[in-house]
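Trainee: I have this one open and have not looked at it before. Can we go through it bit by bit?

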Amino acid sequence: MAIRNMVYEGDPLLRKTSREVTAFDGKLATLLDDMFETMVQQSGVGLAAVQVGILRRAVVIDVGEGKIELVNPTILKTSGSQVGSEGCLSLPGQFGIVERPDAVTVRAQDRNGEWFELTGTGLLARALCHEIDHLDGIVFIDHATRMVQPGETPPPNKRRVTAHVKKVKSE
Ligand SMILES: [Zn+2]
């Protein structure tokens with residue numbers, strides 16, 4: 001595993017649309033492993049491949065409940081809403097107030113190409129929306145109602161996280 005170089009705000013890559021993953025091979029496994037290592041080193045809770053310069057639809061998340069890998073994820077359904085602060089490893093030191101759904105169901109593939117569905121609430125729902133946005137060149141400041149000012153303590157987020165994963169029939 002290796003720490004990858006991060007892409008930061010101002011780099012045009014961050015605004016590009018990532019391409020579908022089509023090869024479920026050793027290269028994808030290495031990318032996902034490296035993304036985890038990079039995310040942990042940066043104390044993040046999520047990372048999209050574009051943030052390490054790879055324009056592929058792959059995401060890793062760990063909100064403290066274990067590793068989640070999402071390849072080619074799409075949001076199937078959302079419900080409720082939550083308002084809280086959000087930051088991004090590509091925008092160090094910046095936080096904004098962002099409204100997100102309170103529950104999100106995602107369909108995605110794992111590193112072997114197997115399809116599954118994942119439902120997350122609270123912080124996990126927020127992370128799912130944030131990371132999947134990255135795959136379409138969207139950054140949290142696009143949704144922020146306001147930015148947290150220097151010296152202001154960002155309002156705490158709901159930590160409540162429930163993750164429900166189910167395997168689905170492959171296509
Ligand atoms: Zn981000």
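Trainee: Is Ser43 buried or exposed?

Mentor: Ser43 counts as exposed, because it has 7 C-beta neighbours inside 10 Å. Keep in mind that this is a predicted model.

Trainee: Where does Ser43 lie?

Mentor: Ser43 is in the loop between H1 and E1.

Trainee: What about its backbone, what is the phi of Ser43?

Mentor: Phi of Ser43 is near 55 degrees, which is a positive value in a residue other than glycine. Asn72 also has a phi near 55 degrees, again positive and again in a residue other than glycine.

Trainee: Where is Asn72 found?

Mentor: Asn72 belongs to strand E3. Asn72 counts as partly exposed, because it has 19 C-beta neighbours inside 10 Å.

Trainee: Which residues in H1 are buried?

Mentor: The buried ones in H1 are Leu28, Leu31, Leu32, Met35, Thr38 and Met39. These residues cover an arc of only 130 degrees around the axis, so they sit on the same side of H1.

Trainee: And which are exposed on the other side of H1?

Mentor: Gly26, Thr30 and Gln41 are exposed there.

Trainee: What covers the buried residues of H1?

Mentor: The cover includes strand E1 (46-48), strand E2 (58-61) and strand E3 (68-79).

Trainee: What is Arg4 in contact with, leaving aside its neighbours within four places in sequence?

Mentor: Arg4 is in contact with Asp34, Thr38 and Val52. Arg4 and Val52 are 48 residues apart along the chain, and their C-alpha atoms are separated by 6.0 Å.

Trainee: New topic, the sheet. In what order do the 3 strands of the open sheet come?

Mentor: The order is E4-E5-E8, and the pairing is antiparallel. Strand E4 (82-86) and strand E8 (146-147) stand at the edges with a single partner strand each, so one side of each is left without a neighbour in the sheet.

Trainee: Remind me, how do strands of a sheet pair?

Mentor: They pair through backbone hydrogen bonds, either parallel or antiparallel.

Trainee: How many bridges join E4 to E5?

Mentor: There are 5 bridges between E4 and E5. Strand E5 (residues 96-100) is joined to E8 by 2 bridges.

Trainee: Which residue in E8 is the bridge partner of Ile97?

Mentor: The partner of Ile97 in E8 is Arg146. Ser85 also stands opposite Ile97 in E5.

Trainee: Which residues make up the covered face of E5?

Mentor: The covered face of E5 holds Gly96, Val98 and Arg100. Ile97 and Glu99 make up the uncovered one.

Trainee: Which strands does helix H2 touch when it packs on the sheet?

Mentor: Helix H2 (residues 122-134) touches E4 and E5. The direction of H2 makes about 65 degrees with that of E4.

Trainee: Now zoom out. How many helices and strands are there in the protein?

Mentor: The protein has 2 helices and 9 strands. Along the sequence the pattern reads α-β-β-β-β-β-β-β-α-β-β.

Trainee: What does the C-alpha trace span along its principal axes?

Mentor: The C-alpha trace spans about 45 × 35 × 25 Å. The radius of gyration is 15 Å, which agrees with the value near 16 Å that a compact globule of 171 residues would have.

Trainee: How much of the protein counts as buried?

Mentor: Of the 171 residues, 35% count as buried.

Trainee: Last one, about contacts between residues at least 6 apart in sequence. What share of them join residues at least 24 apart?

Mentor: Among those contacts, 72% join residues at least 24 apart.

Definitions and conventions:
Residues numbered from 1 in each chain as written. Predicted model: local features only at pLDDT ≥ 70, side-chain atom pairs only at ≥ 80, totals over all residues. Pairing = 2+ DSSP bridges. Helix = DSSP H or I, 4+ residues; strand = E, 2+ residues; numbered from the N terminus. Contact = placed C-beta atoms within 7 Å. Axes fitted to C-alpha atoms, helices over the stretch in contact; angles between N-to-C directions. Buried ≥ 20, exposed ≤ 12 C-beta atoms within 10 Å, placed from the backbone. Arc of directions from axis to C-beta. Rg over C-alpha atoms; globule rule 2.2 N^0.38 Å.
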